[in-house]
Amino acid sequence: MNSGKIKWKQLLICLAIPLAVGGLAALLSRGGMEDYKNIYKPLLAPPGWVFPAVWSVLYLVMGYASYRVYTSTASPERIRRAMSAYALQLAANFIWPLIFFALEAFLAAFVWLILLFALALLCTLRFGYIDARSGKLMTPYLIWLFFAAYLNLGVYLLN
């Protein structure tokens, strides 16, 4: 539950954090995206340009959800627990493309993605407990992670 008044500084910081995490991971693993073009992929694999577009939107939505939780009227302890889960899943999110693209360790990336999904689910539940809309805002991220797991497993099995 938010007070209704936008706190612009906090909002911009909350939007910038996941974008920075994703941007740095993309920068560190960008060579792997070139290699991704040349490997076998499962059915339903989108073209490479889809990934940065989808991730950018998801990061902005996650950032907005985190802002709603961070500025909510929930107890500081609940906010701390929710934001800790958010930070953990963002850290796991940062590491996954390094494992998948930079190291090309597809099985390890798939196992890591399962951990990431669990952390994102925990974050979603904690966000939703504080602010129902924030929990709902995290749902597309969970769906995308599930799809990413399908793609990741397919890449592992085909290569």
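Modeller: Glutamate 104 is partly exposed, with a relative accessible area of 37%. The model is a predicted one. Glutamate 104 sits in the loop between H4 and H5.

Colleague: Why is glutamate 104 called partly exposed?

Modeller: Buried means under 20% and exposed means over 50%, with partly exposed in between. The value for glutamate 104 is 37%, so partly exposed is the label.

Colleague: What is noted about the phi of glutamate 104?

Modeller: Phi of glutamate 104 is near 50 degrees, which is a positive value in a residue other than glycine. Most residues other than glycine have a negative phi. Leucine 44 also has a positive phi, near 75 degrees. Leucine 44 lies in the loop between H2 and H3.

Colleague: Is leucine 44 buried or exposed, and how do you know?

Modeller: The relative accessible area of leucine 44 is 66%. The cut-off for exposed is over 50%, so leucine 44 is exposed.

Colleague: What makes asparagine 152 buried?

Modeller: Asparagine 152 has a relative accessible area of 1%. Buried means under 20%, so asparagine 152 is buried. Asparagine 152 belongs to helix H7. Leaving aside neighbours within four places in sequence, asparagine 152 is in contact with Trp96, Phe100, Phe106, Ala109, Phe110 and Leu113.

Colleague: Which elements do the buried residues of H7 pack against?

Modeller: They pack against H2, H3, H4 and H5. Among the buried residues of H7 are Tyr141, Trp144, Leu145 and Val155.

Colleague: How do you know that the length of H7 agrees with its number of residues?

Modeller: At 1.5 Å a residue, the 20 residues of H7 should span 28 Å. The end C-alpha atoms of H7 are 29 Å apart, which agrees. For H3, 21 residues should span 30 Å, and the end C-alpha atoms are 30 Å apart, which agrees too.

Colleague: What covers the buried residues of H3?

Modeller: The cover includes helix H1 (8-28), helix H2 (30-36), H4, H5, helix H6 (132-137) and H7. The buried residues of H3 include Phe51, Trp55, Leu58 and Tyr59.

Colleague: Which residues touch the most other members of the largest nonpolar core?

Modeller: They are Trp55, Phe100, Phe127 and Tyr141, in a core of 41 residues. Helix H3 (50-70), helix H4 (76-102), helix H5 (106-130) and helix H7 (139-158) each give two or more residues to this core. H4 gives the most, with 11 residues. Not counting residues up to four places away in sequence, phenylalanine 100 touches Tyr36, Ala105, Phe106, Ala109, Asn152 and Val155.

Colleague: How much space lies in the largest pocket?

Modeller: About 550 Å³ lies there. Of its 27 lining residues, Ala26, Phe51, Pro52, Trp55 and Phe101 are the closest to the centre. The lining divides into 19 nonpolar residues, seven polar and one charged.

Colleague: Why is alanine 26 called partly exposed?

Modeller: Alanine 26 has a relative accessible area of 42%. Buried is under 20% and exposed is over 50%, so alanine 26, in between, is partly exposed. Alanine 26 is found in helix H1. The C-alpha atoms of alanine 26 and phenylalanine 94 are separated by 8.7 Å, with the two residues 68 residues apart along the chain.

Notes: Residues are numbered from 1 along each chain as its sequence is written. This is a predicted model: local features need pLDDT of at least 70, side-chain atom pairs count only at pLDDT 80 or more; totals for chains, interfaces and linings use all residues. Side-chain values use heavy atoms; hydrogens and water are left out. A nonpolar core is a set of buried Ala, Val, Leu, Ile, Met, Phe, Trp, Tyr and Cys residues joined through side-chain atoms within 4.5 Å. Buried means under 20% relative accessible area, exposed over 50%, partly exposed in between (1.4 Å probe, protein chains only). Helices (H or I, at least four residues) and strands (E, at least two) are DSSP runs, numbered from the N terminus. Contact means heavy atoms within 4.5 Å. The expected span of a helix is 1.5 Å times one less than its number of residues. On a 1 Å grid over the protein atoms alone, a cavity is a set of points where a 1.4 Å probe fits but cannot get out, and a pocket is an open set with protein on both sides within 12 Å along at least five of seven lines; lining residues have an atom within 4 Å of a point. Grid points are joined across faces, edges and corners, and a volume is the space filled by probe spheres set on the points. Ala, Val, Leu, Ile, Met, Phe, Trp, Tyr, Cys and Pro count as nonpolar, Asp, Glu, Lys and Arg as charged, and the others, Gly among them, as polar.
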